[in-house]
Amino acid sequence: MKNTEQIYGIRAVIEAIKSNEPIDKVFIQKGLKGDLSKDMETLIRKNGITASYVPIEKLNRLTKNNHQGVVANISPITFLTVEELVEKTLETKTTPLFLLLDQLSDVRNFGAIIRTAECTGVDGIIIQKKGAAPVTADTIKTSAGAAFRVPIAKIDHIKDAVYYLQASGIKVIAATEKTENTIYEVSFKEPCAIIMGSEDVGISPSILKAADHMAKLPLLGEIGSLNVSVACGVFLYEAVRQRQEL
């Protein structure tokens, strides 16, 4: 696996895509023109790579080199598809535990969650291609290297992952305060996946509706919520506690 890396320049990005490099995100200068840039954008769309159109000042902050209006982040890890992750896991595990992150955007929260996932035996993490926190050097550092040990899959829409997991016999549990059920009233003993929402708005309504169960943490203080990485840790260790009773 590679260290965190940036590449810049239109031709370099095109060649990286054609070589199947694990590109996490491409930053493109707003208003960039030319046949070569159009070819690059076509390749980006065809390969489902996340792209963001930004002012030139943003690109100049990302690199001091001659970027030609394009900077790409190459991920230090290789992502799986959800199908690959689930099929490989079910070949060896009868009660897998997955984690879905719905639009989690902070790289340090992401890293902390990956670290806890590794410590609690999570079989894989599923994130959305667009809008999710990237795997950066900060993510790797915060995860204490766990990002190299926990498989991570990307999908266009988290809801599609929910449906695929359910079709594979895996129960989906949403972590949300919008329920009367606490985590102590929901069983984590069966094959299951836990959904954690974004730092600001939580899990999107359509995904909440698709989940099999919803569960919340009992909060006894004045503050109405926990940091998402802390809340995720509590959910995962409740799953560990219940499974040790089997």
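A: Strand β1 and strand β4 (residues 70-74) pair in the antiparallel sense over 4 bridges; two strands pair if DSSP finds at least two bridges between them. Within this pairing, Q6 stands opposite N73 in β4. The model is predicted, with local features requiring pLDDT of at least 70 and side-chain atom pairs counting only at pLDDT 80 or more, while totals for chains, interfaces and linings use all residues. Residues are numbered from 1 along each chain as its sequence is written, and side-chain values use heavy atoms, leaving out hydrogens and water.

The open sheet is formed by 4 strands in the order β1-β4-β2-β3, with mixed pairing. Its edge strands, β1 (5-8) and β3 (51-54), each pair on one side only. Helices (H or I, at least four residues) and strands (E, at least two) are DSSP runs, numbered from the N terminus.

Helix α1 packs on the sheet and touches β1, β2 (23-29) and β4, contact meaning heavy atoms within 4.5 Å. The direction of α1 makes about 125° with that of β1; axes are lines fitted to C-alpha atoms, for helices over the stretch in contact, and angles run from 0 to 180 degrees between N-to-C directions. Helix α2 also packs on the sheet, touching β2, β3 and β4, and its direction makes about 145° with that of β2.

The axes of α1 (residues 10-18) and α2 (residues 35-46) come within 10 Å and cross at roughly 30°. The two helices are therefore roughly parallel to each other, a term for angles under 35 degrees. I10, R11, V13, I14, I17 and K18 in α1 meet L36, S37, M40, L43 and I44 in α2.

Notes
Parallel < 35°, antiparallel > 145°, perpendicular 65-115°, else oblique.
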